[in-house]
Amino acid sequence: FNLSLIGGIAVAMPYIFYQVWGFIAPGLYTREKRYVIPFVLSSTGLFVGGAYTGYKLAFGVTFGYLLGLSGPVGSTGTKAVINVVPTVMMADYISFVMKILLGFGVIFLIPIVFTFLARVGVVTHRKLIRWMRYFIFGICLLAAILTPPDWAGQLVMATPGVLLYFLSIGLVYIFQRKDVVEEEIAQEKREAEEKAKEEAEKAKEEAEKAKAERQKAKGKKATT
């Protein structure tokens, strides 16, 4: 079943991305709908490329590390106390393959997704920079869930994800809408001004309160 699921997803991926585009296209302007073909082709290519990279890279590193743990463990003189023999079950292997292929395929979609969101005015490079810490945490958590509990597999999956996020920041900076960036900067400026005004009013109130308390203390001292 898992093997059939992997093959079905790989074959149907162009159609899946086309349906995703069909869902969001009604809310776009006419000039933005022209990106349908580049979006479908690039998304499909990145997903397949990510899955292939995971197959060629992650499998070799992860299985090499896990199989390297096999062999004799401990010894009493010239005889090993325990001899660890690796046993790979086909069902577990295919399940692991599916997780790695899907995980790497989704991770490699990061640049195209953020570039598309930048073109429609949802994100800017400033937002991506602010979200960086949360994304790194999320990609490390995803790598820990999808890979075996060893540092090698998690590092192999998390590292490309972080690098692709940095690449996304550069792509978003190039393709983002300038009016959205200007509006975001203006909004941040207004928020900063309002915050400074609130802090000034708060400081003024605290100063007046302190002055009133001093006058009250003075009055009590004079009456005594």
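Begin by selecting Asp179, a partly exposed residue with a relative accessible area of 42%. The model on display is predicted.

**Other salt bridges**

A search of the whole structure finds five salt bridges. For another of them, select Glu188 together with Arg126, whose side chains meet at 2.2 Å, N to O. Glu188 belongs to helix 9 (residues 178-223) and Arg126 to helix 6 (residues 125-130), so this pair ties together parts that are 62 residues apart in sequence. Glu188 is partly exposed, its relative accessible area being 25%. Arg126 likewise counts as partly exposed, at 26% relative accessibility.

Together, Arg126, Arg130, Glu184 and Glu188 are linked in a network of salt bridges.

Next, select Arg190 and Glu183, whose side chains form a salt bridge of 3.2 Å, N to O. Arg190 is partly exposed at 36% relative accessibility, and Glu183 is partly exposed at 45%.

**A charge over a ring**

Now display Tyr173 and Lys178. Lys178 lies over the face of Tyr173, at 5.7 Å from the ring centre.

**The aromatic cluster**

Select Phe114, Phe135 and Tyr165, which form one aromatic cluster. A pair of aromatic rings is described by the distance of the centres and the angle of the planes. Both quantities can be followed here, where the count comes to two aromatic pairs. Phe114 and Tyr165 make an edge-to-face pair, 5.7 Å centre to centre with 80° between the planes. This pair links distant parts of the chain: Phe114 is in helix 5 (residues 110-119) and Tyr165 is in helix 8 (residues 151-175), 51 residues apart.

Is Tyr165 buried or exposed? Tyr165 is buried, with a relative accessible area of 1%. Phe114 also counts as buried, at 14% relative accessibility.

Turn the view to Phe135 and Tyr165. Their rings form a stacked pair, 4.1 Å centre to centre and with 15° between the planes. Here too the pair links distant parts of the chain, as Phe135 lies in helix 7 (residues 132-146) and Tyr165 in helix 8, 30 residues apart. Phe135 has a relative accessibility of 18%; because buried means under 20%, this residue counts as buried.

Note on methods: Residues numbered from 1 in each chain as written. Predicted model: local features only at pLDDT ≥ 70, side-chain atom pairs only at ≥ 80, totals over all residues. Heavy atoms only, no water. Phe/Tyr/Trp six-rings, centres within 6.5 Å; stacked < 30°, edge-to-face > 60°. Helix = DSSP H or I, 4+ residues; strand = E, 2+ residues; numbered from the N terminus. Buried < 20%, exposed > 50% of the residue type's maximum accessible area, 1.4 Å probe, protein only. Lys NZ or Arg CZ within 6 Å of the ring centre and 35° of its normal. Salt bridge = Lys/Arg side-chain N within 4 Å of Asp/Glu carboxyl O.
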